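Me: Could you walk me through this one, a few helices at a time?

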Amino acid sequence: MLTSIGKFLRKVRIDHEEILKDMAEKLGVSSAFLSAVENGKKKMPEIWFEKLKSIYSLSTEQAEELQRAIIDTNDMIEINLQNASDNNKTLAISFAREFDSLDDETSEKILKILKRRKED
């Protein structure tokens with residue numbers, strides 16, 4: 001079954017008149033792996049987000065659409081804390097612990113802060 005990421009990737013390919021093999025080569029993977037990601041059998045590598053933005057010159061709107069597709073498709077997100085500061089580690093762990101209890105108003109406030117920070 002085609003996932004949200006799969007639908008997004010297929011649309012990008014169509015817009016660029018590419019086939020699965022073309023995109024797979026640009027991403028440095030096999031066609032089979034890309035197909036598995038599209039169909040939800042494999043998780044999309046995190047590095048693909050930046051690669052796709054760069055390779056296909058995604059607009060801000062398209063990048064946000066891709067981010068939504070990633071969120072829609074993934075049930076779990078991993079955060080690598082290996083090189084994070086102690087403060088950022090504490091923040092990530094605290095956020096993870098409180099995530100299920102956040103109300104919509106608080107979530108919106110956090111999202112606005114993160115979007116504002118990204119724009120700076």
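Reply: Contact here means heavy atoms within 4.5 Å. This is a predicted model, where local features need pLDDT of at least 70, side-chain atom pairs count only at pLDDT 80 or more, and totals for chains, interfaces and linings use all residues. Residues are numbered from 1 along each chain as its sequence is written, and side-chain values use heavy atoms, with hydrogens and water left out.

Me: Is Glu 38 buried or exposed?

Reply: Glu 38 sits in helix H3, residues 31-38 (helices are DSSP runs of H or I, at least four residues, numbered from the N terminus). Leaving aside neighbours within four places in sequence, Glu 38 contacts Met 1, Leu 2, Thr 3, Gly 6, Leu 9, Arg 10, Arg 13 and Leu 20. Buried means under 20% relative accessible area and exposed over 50%, with a 1.4 Å probe and protein chains only. Glu 38 has 3% relative accessibility, so call it buried.

Me: How are the buried residues of H5 arranged around its axis?

Reply: In H5, Ala 63, Leu 66, Ala 69 and Ile 70 are buried. Their arc (taken from the directions from the helix axis to the C-beta atoms) is within 115 degrees, so they line one face of the helix.

Me: And which helices are included in what covers the buried residues of H5?

Reply: Turned away from the buried side are the exposed residues Thr 60, Glu 61, Arg 68, Ile 71 and Asp 72. The cover over the buried residues of H5 includes helix H1 (4-15) and helix H4 (47-55).

Note on methods: Helices (H or I, at least four residues) and strands (E, at least two) are DSSP runs, numbered from the N terminus.
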